[in-house]
Structures are given as structure tokens and as C-alpha cells.
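Please study the sequence and the structure before reading each solution.

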Amino acid sequence: MERSALRVLTPRELEVFSVLPDGEGNRELARRLGIAERTVKAHLTSITRKLGLRSRVEAALLSAEWSDDLRPGPTDLDRP
């Protein structure tokens, strides 16, 4: 799968996708991201569907593989 597939995800889906390799459950992810557990589940369903994955495990493995692309880049505020 091409990394360009990430373009189909919303910013919030990307945020959820980026923390999957940490191995936390839905409840912990929800607390960490400040959203409802049900919302985490909805995002995970959407992520796996949009990326053509079969499971959360596949999503977590892909997220770990693509972790460099998921990190936010430098912003104008980061520049001296």
C-alpha cells in the first residue's frame, strides 16, 4: 500500500491512526485524545475501511511502519 493512501483520512482519523502502535485500548486512546470511546471505535472502523485493512492489528502495524509520515512536520512557529 502506498503512503499516499493517508490522504483519504481526516485529520482526526490520522491522529487516532498515529497512536495505534502504542498498544493502548480504546478507552485509553479516548482519554488520551479527549474523545469518547465510541468515537475511537468509529474512527478505527473508518480507518480500516478507507485503507482496505482487515483489522485493528493490521492498522497498528501499518501505523508503526509509517510512523515517520504521521509525525507532524515543523511549523512556522518552530522556526527561529
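Axes are lines fitted to C-alpha atoms, for helices over the stretch in contact, and the angles between their N-to-C directions run from 0 to 180 degrees. The model examined here is predicted.

**Exercise 1.** Determine how the axes of α2 and helix α3 are placed relative to each other, and state which residues make the contact.

*Solution.* 
Step 1. Two packed helices are described by the angle between their axes and the distance between the axes.
Step 2. The axes of α2 and helix α3 (residues 37–51) come within 8 Å, and they cross at roughly 105°.
Step 3. Angles of 65 to 115 degrees count as roughly perpendicular, so α2 is roughly perpendicular to α3.
Step 4. From α2, the contact is made by Asn26, Arg27, Leu29 and Ala30; from α3, by Glu37, Val40, Lys41 and Leu44.
Step 5. Sorted by class, this contact of α2 with α3 has four nonpolar, one polar and three charged residues.

**Exercise 2.** Carry out the analysis for helix α1 and helix α2, including the hand of the crossing.

*Solution.* 
Step 1. Helix α1 covers residues 11–19 and helix α2 covers residues 26–33; their axes come within 11 Å and cross at roughly 125°.
Step 2. This angle makes α1 oblique to α2.
Step 3. The crossing of α1 and α2 is right-handed.
Step 4. Arg12, Glu15, Val16 and Val19 in α1 meet Leu29, Arg32 and Leu33 in α2.
Step 5. The contact of α1 with α2 has four nonpolar, no polar and three charged residues.

**Exercise 3.** Is leucine 62 buried or exposed, and which residues does leucine 62 touch?

*Solution.* 
Step 1. Leucine 62 lies in helix α4 (residues 56–65).
Step 2. Its relative accessible area is 11%; buried means under 20%, and therefore leucine 62 is buried.
Step 3. Not counting residues up to four places away in sequence, leucine 62 touches Met1, Phe17, Leu51 and Leu53.
Step 4. Leucine 62 and leucine 20 are 42 residues apart in sequence, while their C-alpha atoms are 9.3 Å apart in space.

**Exercise 4.** Which residues of the largest nonpolar core touch the most other members, and which element gives the most to this core?

*Solution.* 
Step 1. In soluble globular proteins, nonpolar side chains tend to be buried together.
Step 2. The largest nonpolar core has 20 residues, of which Phe17, Leu20 and Leu51 touch the most other members.
Step 3. The elements giving two or more residues to this core are α1, α2, α3 and α4.
Step 4. With four residues, α3 gives the most.
Step 5. Leaving aside neighbours within four places in sequence, phenylalanine 17 is in contact with several residues, including Leu6, Ile47, Leu51, Leu62 and Trp66.

Conventions:
Residues are numbered from 1 along each chain as its sequence is written. This is a predicted model: local features need pLDDT of at least 70, side-chain atom pairs count only at pLDDT 80 or more; totals for chains, interfaces and linings use all residues. Side-chain values use heavy atoms; hydrogens and water are left out. Angles under 35 degrees count as roughly parallel, over 145 as roughly antiparallel, 65 to 115 as roughly perpendicular and the rest as oblique. A crossing is left-handed if the near helix is turned anticlockwise from the far one by less than a right angle, and right-handed if clockwise. Contact means heavy atoms within 4.5 Å. Ala, Val, Leu, Ile, Met, Phe, Trp, Tyr, Cys and Pro count as nonpolar, Asp, Glu, Lys and Arg as charged, and the others, Gly among them, as polar. Buried means under 20% relative accessible area, exposed over 50%, partly exposed in between (1.4 Å probe, protein chains only). A nonpolar core is a set of buried Ala, Val, Leu, Ile, Met, Phe, Trp, Tyr and Cys residues joined through side-chain atoms within 4.5 Å.
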